[in-house]
Amino acid sequence: MNFEIDDQQRDFAASIDAALGAADLPGAVRAWGAGDTAPGRKVWAQLADLGVTALMVPEKFDGIEAHPADLVVAMERLGRWAVPGPVTESIAVAPILLAADERSAALASGELIATVALPPTVPRAVDADTAGLVLLAEDGQVRDGVAGEAHESVDLSRKLFDVNASGDPQSADVDRAFEFGALATAAQLVGAGQAMLDAAVEYAKQRSQFGTVIGTYQAIKHKLADVLIAIELARPLVYGAALALADGSADTSRDVSAAKVAAADAALLAARSALQTHGAIGFTQEHDLSLLLVRVQALRPAWGDPTWHRRRVLEALTA
């Protein structure tokens with residue numbers, strides 16, 4: 001099976017990279033964590049212009065109704081740049097929950113940013129205090145919600161909130177929405193892992209130790225090669241899960257969980273290797289690598305932690 005993306009998807013990824021590369025993403029992430037969402041919302045406006053926010057919205061609400069693989073392409077790039085805000089929730093999950101809701105048009109245009117709690121696996125919503133729409137989904141239903149008690153996150157730009165129901169329930173495909181949430185999070189982890197690998201490779205070419213550039217050491221080469229292998233093994237699993245979702249495969253839950261585990265493990269390995277390559281400076285708040293390090297720590301347990309997903313894979317294989 002060929003998991004290579006086509007030329008149109010490559011161009012889409014390149015356009016996202018061009019837009020986000022020209023923006024001050026580290027500054028926007030730090031501002032978002034400090035309570036100033038204005039720079040981050042400018043980034044979201046750029047994503048809307050590129051069609052990212054409309055990817056999963058039905059065409060009848062001016063969306064693109066794209067293939068899940070297109071979502072993976074976008075989410076990997078957003079993970080690579082550590083875009084702040086409820087990325088998974090607003091772009092991947094809310095459109096599935098609101099498939100018959102006219103508010104989907106506002107999601108598509110980028111006028112509305114949504115966040116979602118889906119207990120018990122996703123008990124809290126990201127940025128529920130600033131999102132324009134808070135959703136609570138469970139037991140095949142979705143309803144509007146309001147932000148409750150705030151909770152700390154390892155990533156200061158990802159504030160977590162309890163959600164209290166405030167609206168009438170509507171029928172929704174909650175199970176499918178969860179799979180999209182796990183898939184989108186896995187793709188972001190792959191993107192973040194690739195970004196940290198790239199940063200580590202570049203730094204290894206510059207940093208010297210005992211008068212020798214550390215990138216020439218075999219141990220460093222092997223460590224970074226291990227990261228590359230892990231990422232290249234995770235990426236096709238993520239695309240395979242996207243195909244399973246698109247086809248409505250009976251193995252969708254297994255494939256999504258396998259992708260989430262592989263992506264989480266690859267990103268964690270990338271984080272450890274990048275930090276070891278950079279040294280302590282990489283974890284200082286002033287260094288941009290730190291933003292990716294904490295983002296990975298926040299995304300690994302999001303939408304099901306690795307233990308939960310491994311258990312689901314095991315159950316699927318032994319059923």
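An axis here is a line fitted to C-alpha atoms, for helices over the stretch in contact, and angles run from 0 to 180 degrees between N-to-C directions. Keep in mind that this is a predicted model. Two packed helices are described by the angle between their axes and the distance between the axes.

Start with helix 7, residues 174–204, and helix 11, residues 306–318. Their axes come within 13 Å. They cross at roughly 120 degrees. Angles of 65 to 115 degrees count as roughly perpendicular and those over 145 as roughly antiparallel. So helix 7 is oblique to helix 11. The crossing of helix 7 with helix 11 is left-handed.

Which residues in helix 7 and helix 11 meet? On the helix 7 side, they are F178, E179 and A182. On the helix 11 side, they are W308, H309 and R312. By class, the contact of helix 7 with helix 11 has three nonpolar residues, one polar and two charged.

Stay on helix 7 and turn to helix 8, residues 218–247. The axes of helix 7 and helix 8 come within 10 Å. The crossing angle is roughly 155 degrees. That makes helix 7 roughly antiparallel to helix 8. What is the make-up of the contact of helix 7 with helix 8, by class? Its residues are 19 nonpolar, two polar and four charged. The crossing of helix 7 and helix 8 is left-handed.

Next pair: helix 4, residues 68–80, and helix 5. Here the axes come within 12 Å and cross at roughly 175 degrees. Helix 4 is therefore roughly antiparallel to helix 5. L71, M75 and L78 in helix 4 meet V87, T88, I91 and A92 in helix 5. The contact of helix 4 with helix 5 has six nonpolar residues, one polar and no charged.

Now the spaces. How many cavities of 30 Å³ or more does a search of the whole structure find? One. The largest cavity holds about 70 Å³ of space. Its lining has 15 residues. Nearest the centre of the cavity are G85, V87, R158, Q188 and L299.

Helix 5 gives the largest share, three residues. By class, the cavity lining has seven nonpolar, five polar and three charged residues.

On to the largest pocket. About 320 Å³ of space lies in it. The pocket is lined by 13 residues, and L156, Q285, S290, L291 and V294 are the closest to its centre. Helix 2 (25–33) and helix 10 are the elements that give two or more residues to the pocket lining. That lining has seven nonpolar, four polar and two charged residues.

Last, the backbone. Most residues other than glycine have a negative phi, and most peptide bonds are trans. P119 and P120 are joined by a cis peptide bond, with omega about 10 degrees. Where is P120? Look in the loop between strand 1 (114–117) and strand 2 (125–126).

D139 is not a glycine, yet its phi is positive, about 55 degrees. You will find D139 in the loop between strand 3 (133–138) and strand 4 (141–151).

That is the tour. Over to you.

Conventions
Residues are numbered from 1 along each chain as its sequence is written. This is a predicted model: local features need pLDDT of at least 70, side-chain atom pairs count only at pLDDT 80 or more; totals for chains, interfaces and linings use all residues. Side-chain values use heavy atoms; hydrogens and water are left out. Helices (H or I, at least four residues) and strands (E, at least two) are DSSP runs, numbered from the N terminus. Angles under 35 degrees count as roughly parallel, over 145 as roughly antiparallel, 65 to 115 as roughly perpendicular and the rest as oblique. A crossing is left-handed if the near helix is turned anticlockwise from the far one by less than a right angle, and right-handed if clockwise. Contact means heavy atoms within 4.5 Å. Ala, Val, Leu, Ile, Met, Phe, Trp, Tyr, Cys and Pro count as nonpolar, Asp, Glu, Lys and Arg as charged, and the others, Gly among them, as polar. On a 1 Å grid over the protein atoms alone, a cavity is a set of points where a 1.4 Å probe fits but cannot get out, and a pocket is an open set with protein on both sides within 12 Å along at least five of seven lines; lining residues have an atom within 4 Å of a point. Grid points are joined across faces, edges and corners, and a volume is the space filled by probe spheres set on the points.
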